[in-house]
Amino acid sequence: MSLSVNIIKRLPGFTLKVSLNAEAGVTALLGASGSGKSMMLRCIAGVEKPDEGSIVLDGRVLYDSKAKIDLPPQARKVGYLFQRFALFPNMTVLQNIDAGLSLERDAHTRKTKREGFIARFHLQGLEDRLPRELSGGQMQRVALCRMLAGEPEAILLDEPFAALDSHLRWQMEAEVKETLAGFPGVALLVSHDRGEVYRMSKSVCVLNAGKSEPMITTRELFDQPRTLQTALITGCKNCVPAERLTTETVYVPQWNAKLACAPDDSSGITHVGIRAHDIVPCEPGTENAILCRVVDAADDVFSRVLTLLPTGGTATIRAEVSKAVGNTLQTGSDAWFCLPKEHIMLLRETHEG
Amino acid sequence: MQEILNILKTLDYSPLWISLQTGLVATVICFFLGIWTARCVMRMGKRAKAFVDGILTLPMVLPPTVAGFFLLLIFSLRRPIGSFLYDELSIKVVQTWLGCVLAAGVIAFPLMYRNARAAFEQVDIELIYAGRTLGMSERAIFWRVVLPSAGPGVVSGTILTFARALGEYGATSMLAGNIAGKTGTISQRIAMVIQNGDYLTAGLWVAIILLISFGIVVAMNVFADSKMRNIKKW
C-alpha cells in the first residue's frame, strides 16, 4: 500500500509543487493556511487537475500528464472527508450512506453493506434524519461512514476537526484515530494544528508556501526541526538569526548572547530556535543563563506568558512558565533565565541550503 | 354593476386561454433549455462566458419590438429560413399560435437562464466534489444533489418565466399578430379595446391579468420563504 504524488499545479499567486511518498498508515500534511494543502488533496481525489506530474496509488496510475492519464474521481477509489462534512442536505443519513455505495450495483449486497456500516458507526436510529437534525459529532460519523462505505484504497482527511467544538474535538479525534487504525490503506491528514498532527500521524510532510519538504517521522519533526519554517510551523515561538562559532556554540546577535548547544557539525545553520516552555528561570552562572528584563507578563489559560528582553539585546524572547513561578516575576523586574542547551534547535533557512 | 356582469357573461374568453397556453408551453421549453444553457455557459471560459451571457440576456434588456424585428427577419415567409420552413416542413410561425409561443419564449428565456445559472453557481462545490469521490455519476449528481440544492432558485426562475411569457406584448404583436381566437392574447386584447375607447372591457382584462400575475408572485414568495428558512434579515 503506497501513494506516490509528484505534481505541479500553478495557481494565481503561487505554485503548488508537491513530492510525497506515503506508505500505509496516517501521514500528515502540515502547513499554514493557504499553503496549498486542500488543493493537493483535491488533485489526488481528482476533482482538481494538476498541470503536470503523476499520482500513483498502489501501482495504479491515477494521473500522469506525460501518458495523458487522468482518471475521473469516480474511478479513483480515493475517499475524501471534507472539512464541513459535505453531507447532502436533502438526503437522509441512510441516503447519504447509500450515495457512498454508488459503485455497488447489486441491491442485496448494498443493503447488507449499508447495515454493517450503520452498525459499525453507531448510527442506528438516525437513519431517517436529515443532516441538519444531527449534532456535529454525528455529522462527522455519517461523513466517515459514507466515505468508507465505498471501500476506498486511500483516504484523504481535510482538517477533519476544524468544524467541531473543542470538547467534541477530543472525542471525535479518538474515534477517527480508532477508525484509521483499522484502515489498511494510505491515509493523508491535512491539518494546521500541530497537536493534532503529533497525536494522529506517524510521518509528516510539511508544505511551505506550496512546496513540500522531504517527509520525516512526526517525532523527528517536533524533536529536531531542521529548518526555520518547520520550527515555526511546529509552534516554536523563538526563532532568531544566529552565527555559528564552533560545533558546540552559537552567537545570537539579537539576544546579545553566546549559547552552548548540542554538538552538531551540519553546515548552513542560519537560525536558532527554542520553544517557549523550555525556558526556565535560573540562578546566575548556570550554563546558557541570560539576564533579561520582564517587559510583559500575561496570563494564559494554564500558564503565564513572559516577554523577556535580554540585556543589550534587540529581540524579545517568549517564555511560558507555570503560574506559580510566573506570578513571582513582575513586569519591569530583571531576572536570570536559562535556555537549556539540549533544547536549542539549530535551523537552516531552507532545505536546499 | 349589472353592466359589468353583462360584459363578463358575453365576454370572449379566448385571450385568457391563448395567453395561458402560450405561457405554459413557452415556460416548459424555457425550463429545459434554460437549465441546459446555464450548465453550458458555466463550463465556458471567462471571455466566452461574458460574450455568450451578453447575447442570451439581450432579450431581457432590449425593447421586445427589437426581438420581434429579428424574429420577423428570420421567420417571415419572404425570408429564406421562413420560406424554407413553410415550403419544406409546412411550419408557419408568422401570424400563428406557434409565433405567440416563440415570441413569449424568446422574451422570457433570460429569466429562466439567469435564475438557473445563479442558483447553480451557489451550490456548494464541495457537495459536487463529495458526489464525485463517492462514485456517483455526473447525471446522478445533477439530479440528486445539484437540482435539490438549487431548487428554490430554479423554481422562482420558472415562475418568473411563466409570468413574463403570460403578459408578453411587443414581440408577439409583431410576429404573431392579433388574430382573435388564434393569436389574440390578453395584452393584445387590452390594447385593442382601449383603441376602441372601451375602458370597461379593458379594465376587466387588466383585472384578470393583475390577479393572475399577483397570485403568481405571491405564490413564489411563499414557496421561496418556506424553502429558505435560514435567510437573515438585515
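In chain B, the contact between α6(B) and α8(B) joins A104(B), G105(B), I107(B), A108(B), L111(B), M112(B), N115(B), A116(B), A118(B), A119(B) and F120(B) in α6(B) to V146(B), A150(B), G153(B), V154(B), S156(B), G157(B), T158(B), L160(B), T161(B), R164(B) and A165(B) in α8(B); residues are in contact if their C-beta atoms, placed from the backbone, lie within 7 Å. The model is predicted: local features need pLDDT of at least 70, side-chain atom pairs count only at pLDDT 80 or more, and totals for chains, interfaces and linings use all residues. Residues are numbered from 1 along each chain as its sequence is written, and chains are lettered from A and ligands numbered from 1 in the order in which they are written.

**α6(B) and α8(B)**
- Helix α6 (residues 97-121) and helix α8 (residues 138-167) of chain B pack at about 160°, with axes 8 Å apart (axes are lines fitted to C-alpha atoms over the stretch in contact; angles run from 0 to 180 degrees between N-to-C directions).
- α6(B) is therefore roughly antiparallel to α8(B) (over 145 degrees).
- Their crossing is right-handed (the near helix is turned clockwise from the far one by less than a right angle).

**α2(A) and α4(A)**
- Helix α2 (residues 93-100) and helix α4 (residues 136-149) of chain A pack at about 30°, with axes 7 Å apart (helices are DSSP runs of H or I, at least four residues, numbered from the N terminus).
- α2(A) and α4(A) are therefore roughly parallel (under 35 degrees).
- The crossing of α2(A) and α4(A) is right-handed.

Methods: Helix = DSSP H or I, 4+ residues; strand = E, 2+ residues; numbered from the N terminus. Parallel < 35°, antiparallel > 145°, perpendicular 65-115°, else oblique. Contact = placed C-beta atoms within 7 Å.
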